[in-house]
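Me: Please examine the following model with me, question by question.

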Amino acid sequence: MPEPAASLPELVLRRLAISEQVAAAKFRAGRPVDDPVREQRELARVRVLARERGLDPGFAAGFLSDQIAASKQVQHRLFAHWTARPGDRPGGGPDLSVLRAELDGLTVALLDRLAATGPEPLAVPETPDELKQEPLRTAYRTLTRQRPAPGASGNGP
């Protein structure tokens with residue numbers, strides 16, 4: 001579970017770190033990276049959570065879509081690496097259900113942090129981890145643009 005005072009960049013980076021573990025769990029289980037049913041379920045959940053926090057549901061869903069896309073970038077790269085280099089394949093690790101529960105908690109923490117920030121665009125933080133630099137840019141796509149102020153419902157008048 002994330003620290004209550006974790007910053008938005010810390011939470012996004014934590015989510016990307018978990019993506020590596022998710023990739024390993026999926027690879028070991030022979031499961032694909034893409035899971036469109038789960039993704040749609042999570043986007044619907046985020047819209048509800050966003051309304052509860054006074055966030056624009058469309059903005060929140062776009063933000064989560066960015067997080068999912070970034071996670072999949074990490075996972076696809078790792079799958080390609082492990083396929084090309086069988087000696088580097090992951091050993092044991094957490095079960096996918098445990099990781100998903102952690103991701104669900106991170107989603108709530110990310111939305112809480114978004115609700116506490118203003119509408120100003122945010123710059124993409126730097127990371128020394130080359131594997132995560134492009135996914136980090138993806139994770140910030142929605143945040144680098146002007147966004148609805150917290151409390152904006154996006155539901156119109």
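**Surface, fold and helix packing**

The protein exposes about 7900 Å², of which carbon and sulfur atoms supply 55%; accessible areas come from the Shrake-Rupley method with a 1.4 Å probe, and for residues only the protein chains shown count as cover. This is a predicted model, in which local features need pLDDT of at least 70 and side-chain atom pairs count only at pLDDT 80 or more, while totals for chains, interfaces and linings use all residues. Residues are numbered from 1 along each chain as its sequence is written, and side-chain values use heavy atoms, with hydrogens and water left out.

Me: In what order do the elements of the protein run from the N terminus on?
Reply: Helices (H or I, at least four residues) and strands (E, at least two) are DSSP runs, numbered from the N terminus. The secondary structure comes to five helices and zero strands. From the N terminus on, the order is α-α-α-α-α.

Me: What percentage of the 157 residues of the protein count as buried?
Reply: Buried means under 20% relative accessible area, exposed over 50%, and partly exposed in between, with a 1.4 Å probe and protein chains only. Of the 157 residues, the buried share is 43%.

Me: Among contacts between residues at least 6 apart in sequence, what percentage join residues at least 24 apart?
Reply: A contact means heavy atoms within 4.5 Å. Among the contacts between residues at least 6 apart in sequence, the share that joins residues at least 24 apart is 83%.

Me: Against which helices do the buried residues of α5 pack?
Reply: Helix α5 spans residues 130-139, and its buried residues are Lys132, Gln133, Pro135, Leu136, Thr138 and Ala139. These buried residues pack against α1 (8-29) and α3 (57-84).

Me: How are α1 and α5 oriented to each other?
Reply: Their axes come within 11 Å and cross at roughly 125 degrees; axes are lines fitted to C-alpha atoms, for helices over the stretch in contact, and angles run from 0 to 180 degrees between N-to-C directions. Angles under 35 degrees count as roughly parallel, over 145 as roughly antiparallel, 65 to 115 as roughly perpendicular and the rest as oblique. The two helices, α1 and α5, are therefore oblique.

Me: How do the residues of the contact of α1 with α5 divide by class?
Reply: The contact is made by Val12, Leu13, Leu16, Ala17 and Glu20 of α1 with Leu131, Lys132, Pro135, Leu136 and Ala139 of α5. Ala, Val, Leu, Ile, Met, Phe, Trp, Tyr, Cys and Pro count as nonpolar, Asp, Glu, Lys and Arg as charged, and the others, Gly among them, as polar. The division is eight nonpolar, no polar and two charged.

Me: Which classes make up the contact of α3 with α4?
Reply: The axes of α3 and α4 (residues 96-116) come within 12 Å and cross at roughly 130 degrees, and the two helices are therefore oblique. Phe59, Ala60, Phe63 and Leu64 in α3 meet Thr107, Leu110, Leu111 and Leu114 in α4. By class, this contact has seven nonpolar, one polar and no charged residues.

Me: How many nonpolar, polar and charged residues has the contact of α2 with α3?
Reply: These helices pack at about 140 degrees with axes 8 Å apart, in a right-handed crossing. Glu39, Glu42, Leu43, Val46, Arg47, Ala50 and Arg51 in α2 meet Pro57, Ala60, Ala61, Leu64, Ser65, Ile68 and Lys72 in α3. The contact has eight nonpolar, one polar and five charged residues.

Me: Which residues does arginine 38 touch, not counting residues up to four places away in sequence?
Reply: Arginine 38 is placed in helix α2 (residues 36-52). With a relative accessible area of 15%, arginine 38 is buried. The residues that arginine 38 touches are Arg100 and Asp104.

Terms used:
Left-handed = near helix turned anticlockwise from the far one by under 90°.
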